[in-house]
Amino acid sequence: WSSDSKVVDQPLSIRGSGGKPWRPKNFSGVFHGTTTVGRALIHSYNIPAVKVLGKVGLAPVHRLAEQAGISSDMPPDLSLALGAVDVSLLEMSGAYQPFVCSGTYRQPTLIRRIENGDGKEIYRDGGTARQVLSPAAAVEIKGLLVRVISEGTGKKARGIPGISGGKTGTSDENRDAWFIGFNKAQISGVWIGHDRNQSLGDNENGGTTAAPVWLDFMKNRK
């Protein structure tokens, strides 16, 4: 699969648990016919994501997510394509490293080093980066994430000097709004949601709610 691979965005019905049909929809409720994997990612089309996962299979996706630091139990079905798993903001932000770091991942750490009162280093984080994605695939995905901000669902994250990219995310009934993005050598993530797991409102989503917060934070970071 590449960003130019074709996929059809059209109504989809899948037999779910108990024989009930599962009919995933795009956030906008609009279907776009034949499109590409890249365009589907840039504009967050849900149906192509489900179809591609069905073709690729769950096992390699589970494996890559685990290698990129996701420790949560992932569902053994196609709902995984739409983010049907609870993941911490730290893990989700850290999992974007391979896309922007030539395919490598390093476990996030709170303390990089410790010095004593004399300035002597007494501790340094010894974590090492590991290759979890091919550099070629990482470059292709990074390019798509840049386009998410320049022309896709992340337009409200535009406005920082240098190369920026990222991805929006919105859960069912607008309960969670996500934006994970990078600018130069920094990756940061924003999650907005209610502690009671209730809807944020009809017009709230990752692109309109979380992306502007990310932009404000990244503009004012030290």
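The sections below cover the model, one serine and the nonpolar cores.

## About the model

This is a predicted model, in which local features need pLDDT of at least 70, side-chain atom pairs count only at pLDDT 80 or more, and totals for chains, interfaces and linings use all residues. Residues are numbered from 1 along each chain as its sequence is written, and side-chain values use heavy atoms, with hydrogens and water left out.

You will find Ser-199 in the loop between β11 (186-193) and α7 (206-220); helices (H or I, at least four residues) and strands (E, at least two) are DSSP runs numbered from the N terminus. Ser-199 counts as partly exposed because its relative accessibility is 33%, and that class sits between buried (under 20% relative accessible area) and exposed (over 50%), using a 1.4 Å probe and protein chains only.

Setting aside neighbours within four places in sequence, Ser-199 is in contact with Glu-173, Asn-174, Arg-175 and His-194, where contact means heavy atoms within 4.5 Å. The C-alpha atoms of Ser-199 and Arg-175 are 4.1 Å apart, although 24 residues separate the two in sequence. The Ser-199 side chain also reaches the backbone oxygen of Glu-173 at 2.8 Å, and a polar atom of that side chain lies 3.1 Å from the backbone nitrogen of Gly-201.

## The nonpolar cores

The largest nonpolar core has eleven residues, including Ile-149, Phe-179 and Trp-214. Such a core is a set of buried Ala, Val, Leu, Ile, Met, Phe, Trp, Tyr and Cys residues joined through side-chain atoms within 4.5 Å. α7 gives the most to this core, with five residues.

Technical notes:
Polar contact = N/O pair within 3.5 Å; in protein donor to acceptor, adjacent residues only side chain to side chain.
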